[in-house]
Amino acid sequence: MLIKQKTKTLFLSAIFISTNFFSQAHNVSAGYEKPKDPLVVNNLEEWQDLKFGLFMHWGTYSQWGIVESWSLCPEDESWTQRKPEHGKSYYEYVKNYENLQTTFNPVEFNPQKWADAAKKAGMKYVVFTTKHHDGFAMFDTKESDYKITSSKTPFSKNPKADVTKEIFNSFRKDGFKIGAYFSKPDWHTDNYWWSYFPPKDRNVNYDPKKYPEKWASFKKYTFNQLNEITSNYGKIDILWLDGGWVRPFKTIDPTVEWQKTIKVEQDIDMDKIGEMARRNQPGIIIVDRTVPGKWENYVTPEQAIPEHNLSIPWESCITMGNSFSYVPNDNYKSSQKIVETLIKIISRGGNYLMNIAPGPNGDYDAVVYERLKEISGWIDINKTAVYATRSIAPYHENDFYYTQSKDGKTVNVFHINETSNYQAPHDLVFTLPENFKPKKLQILGISSKISWKKQGNKIKVQLPKECNKLKYSTVIQITQ
């Protein structure tokens with residue numbers, strides 16, 4: 001991910017929405033520009049209907065069970081310490097890290113298994129890391145031999161060696177929208193971290209204005225790889241570009257801590273990239289993270305949920321475990337916590353992109369499938385309150401969270417209790433959205449007749465004993 005995070009201390013943090021929300025720690029930039037291309041507008045509207053997506057960080061680093069890519073970056077060693085057994089010096093470490101390519105052989109890779117489990121759990125789109133900051137391509141690029149399909153990589157002999165192709169085809173077949181994550185910075189290519197200089201931090205290690213031919217080569221390399229992804233891998237719905245420090249110098253926000261490290265111009269020519277991507281994939285959503293303007297079609301708070309509703313398209317990318325990349329014995333969130341997270345996000349107008357990291361063998365941990373199966377039961381019951389909904393005031397009040405149907409005829413009220421395993425109370429009292437006139441009320445998953453009455457701007461509902469069987473929440477659907 002763009003902003004490094006400590007893998008053992010991550011959790012959802014509520015953040016106050018004001019000008020302070022558009023800040024460093026949560027990867028959201030101010031100055032949102034609504035797309036004008038009608039195909040993009042339509043795709044974005046469809047994407048906002050989907051609500052729940054799957055994110056996957058996967059690469060050679062899974063073999064060491066470490067944070068993705070970041071141990072290569074010398075700017076902040078404290079949060080991603082290099083283990084002595086992986087190299088006594090920095091350069092020895094880098095060499096050993098890059099040699100992970102020669103042992104990467106995830107023979108249990110079966111993307112259809114992932115797609116089927118994710119679909120049952122209610123996920124509707126997938127974003128896969130085609131290339132992270134370390135530069136190792138999980139697709140068949142012609143620009144580099146540092147890739148999963150190289151003869152140096154044992155898995156290249158497998159008929160499913162082009163894992164990006166296999167993942168996209170499997171998920172597309174199951175009806176998912178397809179998203180390609182791609183890191184703009186590339187710490188492997190000599191055109192970004194030039195071997196003539198040592199790397200100092202996450203940024204390019206030379207001045208592109210002083211060495212324009214070097215930077216031009218990097219721009220061409222990046223353009224060509226993105227052209228490959230958007231040309232050779234079927235229909236792509238989202239191009240998710242990470243590494244927001246690769247940006248025009250004029251777009252730097254000096255109040256954002258990590259952007260203060262950007263000392264040189266790193267304009268990669270997003271107009272050229274974006275126009276190419278749209279020629280190859282008409283209507284594709286482009287997410288140039290944290291770089292305000294026409295190529296950041298939605299914003300992406302990371303490991304955080306906005307405290308209030310946002311009126312622009314947004315998505316929280318949050319890990320199921322503690323880490324974006326595979327870590328042995330990771331601490332996976334409970335199904336109740338995942339459902340609560342989904343409810344909070346959709347009530348504030350966003351999408352939930354939940355990250356699950358495959359291991360070095362090419363599969364998820366067994367507990368992941370358990371969580372997805374548990375979530376599927378809740379989704380099956382409550383899907384009409386989740387998908388194709390939008391936020392509505394009061395959004396969130398005490399333990400109640402609200403969504404509405406796009407035509408405004410239906411309001412959904414979610415009741416949760418974060419302090420314990422959920423158990424429905426005897427009755428519920430909540431505020432009605434302004435000017436909403438209820439005619440019918442039901443509790444999703446309950447066949448019993450529901451006793452309720454309106455008192456001013458409040459509704460009081462008596463819950464039947466049948467509600468004791470509800471897991472994770474009570475969802476009340478009201479029509480007018």
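Trainee: Let's begin in β13. Which residue stands opposite V413 in β18?
Mentor: I476 of β18 stands opposite V413. Keep in mind that this is a predicted model.

Trainee: And how many bridges join β13 to β18?
Mentor: There are 6 bridges between β13 and β18, residues 474-479, and the two strands run antiparallel.

Trainee: What about β12 and β13, parallel or antiparallel?
Mentor: Antiparallel, with 5 bridges between β12 (residues 400-405) and β13.

Trainee: Which residue in the hairpin of β12 and β13 takes a positive phi?
Mentor: That's G408, with phi near 75 degrees. The hairpin has 4 residues between the strands.

Trainee: Is β13 mostly covered or open?
Mentor: Mostly covered: 6 of its 6 residues, 410-415, are buried. In a regular strand, side chains alternate between the two faces of the sheet. For β13, T410, N412 and F414 are on one side, V411, V413 and H415 are on the other, and all of them are buried.

Trainee: Switching topic. What is the strand order in the open sheet of 7 strands?
Mentor: The order is β6-β5-β4-β3-β2-β9-β8, and the pairing is parallel. The edge strands are β6 (285-288) and β8 (315-319), each pairing on one side only. From one strand to the next, the twist averages 20 degrees.

Trainee: β8 is an edge strand, so to speak. Why does it count as largely enclosed?
Mentor: Because 5 of the 5 residues of β8 are buried, the rest of the structure largely encloses it. E315, C317 and T319 point one way, S316 and I318 point the other way, and all are buried.

Trainee: Which residue in β9 is opposite I318?
Mentor: M354 in β9. β8 and β9 (residues 351-355) pair in the parallel sense over 5 bridges.

Trainee: How many bridges join β3 to β4?
Mentor: It's 6, linking residues 125-131 of β3 with residues 177-183 of β4, and these strands run parallel. Within that pairing, T129 has Y181 as its bridge partner in β4.

Trainee: Which strands does helix α4 lie across?
Mentor: Helix α4, residues 163-173, lies across β2 (52-56), β3 and β4. Relative to β3, α4 runs at about 175 degrees.

Trainee: OK, helices then. At what angle do α3 and α8 cross?
Mentor: Roughly 35 degrees, and their axes come within 8 Å. Here α3 covers residues 111-120 and α8 covers 366-386.

Trainee: Which residues meet there?
Mentor: From α3 you have K113, W114, A117, A118 and K120, and from α8 you have Y369, L372 and S376. By class, that contact has 5 nonpolar, 1 polar and 2 charged residues.

Trainee: And α6, which of its residues are buried?
Mentor: In α6, residues 270-280, the buried ones are M270, I273, G274, M276, A277 and R278. They pack against α1 (38-50), α5 (212-232), β5 (238-242) and β6.

Trainee: Where is N203?
Mentor: N203 is in the loop between β4 and α5. Its relative accessibility is 3%, so N203 counts as buried. Leaving out residues up to four places away in sequence, N203 touches Y192, W193, W245, T261, I262 and Q266.

Trainee: Is S217 buried or partly exposed?
Mentor: Partly exposed, because its relative accessibility is 34%. S217 is in helix α5. Between S217 and Y192 there are 9.2 Å in space, C-alpha to C-alpha, and the two are 25 residues apart in sequence.

Trainee: Last topic: how many cavities of 30 Å³ or more are there?
Mentor: The count comes to 3. Rolling a probe the size of a water molecule over the atoms shows where empty space is left.

Trainee: What lines the second largest cavity?
Mentor: The lining is M320, G321, S323, S325, Y326, V327, D330, Y332, N355, I356 and A357. By class, that is 6 nonpolar, 4 polar and 1 charged residues. The space in this second largest cavity is about 50 Å³.

Technical notes:
Residues are numbered from 1 along each chain as its sequence is written. This is a predicted model: local features need pLDDT of at least 70, side-chain atom pairs count only at pLDDT 80 or more; totals for chains, interfaces and linings use all residues. Side-chain values use heavy atoms; hydrogens and water are left out. Two strands pair if DSSP finds at least two bridges between them. Axes are lines fitted to C-alpha atoms, for helices over the stretch in contact, and angles run from 0 to 180 degrees between N-to-C directions. Contact means heavy atoms within 4.5 Å. On a 1 Å grid over the protein atoms alone, a cavity is a set of points where a 1.4 Å probe fits but cannot get out, and a pocket is an open set with protein on both sides within 12 Å along at least five of seven lines; lining residues have an atom within 4 Å of a point. Grid points are joined across faces, edges and corners, and a volume is the space filled by probe spheres set on the points. Ala, Val, Leu, Ile, Met, Phe, Trp, Tyr, Cys and Pro count as nonpolar, Asp, Glu, Lys and Arg as charged, and the others, Gly among them, as polar. Buried means under 20% relative accessible area, exposed over 50%, partly exposed in between (1.4 Å probe, protein chains only).
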